[in-house]
Amino acid sequence: MIHKKASISTVQRKLAIAKYFYYFIISVVIILLIGCTNYKDMEEQEIIEILREQYDGSVYFELDNNNEHITLIEIEKATSLEEFPKEIQVLKKLEEIKILNCNVTEIPEFITEFPELKALWLEGNPIKEIPSFITKCHKLN
């Protein structure tokens, strides 16, 4: 068996190329994973777990009588929360949303996508105006 000896610079060059190729592959995988996250395809329980991780467990929820769908979500004292979490769009059976003592500054238009929404609690948030589209929430008190 004959072994070819390579110079140190050749080995270093090949290692550098392999390292950059590795970084490229990792970057592509991360970009693909981020691009594939579609909250609308997630299960309700997954959404709650994501929200609890993001906001240090300050997320509370209630299920309907059949324990099938989330009807109430409450996020309290999550000062890092500056806008409604987009993830809650999955929770189509929501009847009540409570975002209390956070830093949310506006109500998003997707709030009109909850046909059963009866209550929206936003105390302790720096919201300056109620948008006109809120009138599309017909069951909201």
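**Reading burial, exposure and charge**

Student: Why is Ala-119 called buried?

Tutor: Ala-119 has a relative accessible area of 15%, and buried means under 20%, exposed over 50% and partly exposed in between, with a 1.4 Å probe and protein chains only, so Ala-119 counts as buried. This is a predicted model, in which local features need pLDDT of at least 70, side-chain atom pairs count only at pLDDT 80 or more, and totals for chains, interfaces and linings use all residues. Residues are numbered from 1 along each chain as its sequence is written, and side-chain values use heavy atoms, with hydrogens and water left out.

Student: Which residues does Ala-119 touch, not counting those up to four places away in sequence?

Tutor: Ala-119 touches Glu-95, Glu-96, Ile-97 and Leu-140, where contact means heavy atoms within 4.5 Å. The C-alpha atoms of Ala-119 and Glu-95 are separated by 6.5 Å, although these residues lie 24 apart along the chain.

Student: Why is Glu-49 called partly exposed?

Tutor: The relative accessibility of Glu-49 is 44%, which falls between the limits for buried and exposed, so Glu-49 counts as partly exposed.

Student: What makes Glu-49 part of a patch of negative charge?

Tutor: Glu-43, Glu-46, Glu-49 and Glu-53 gather in that patch on the surface. Asp and Glu count as negative, and the place of the charge in Glu is taken as CD.

How values were computed: Patches are made of residues with over 30% relative accessible area and no salt bridge: like charges are joined within 9 Å, nonpolar side chains (Val, Leu, Ile, Met, Phe, Trp, Tyr) within 5 Å. Accessible areas come from the Shrake-Rupley method with a 1.4 Å probe; for residues, only the protein chains shown count as cover. A salt bridge is a side-chain nitrogen of Lys or Arg within 4 Å of a carboxyl oxygen of Asp or Glu.
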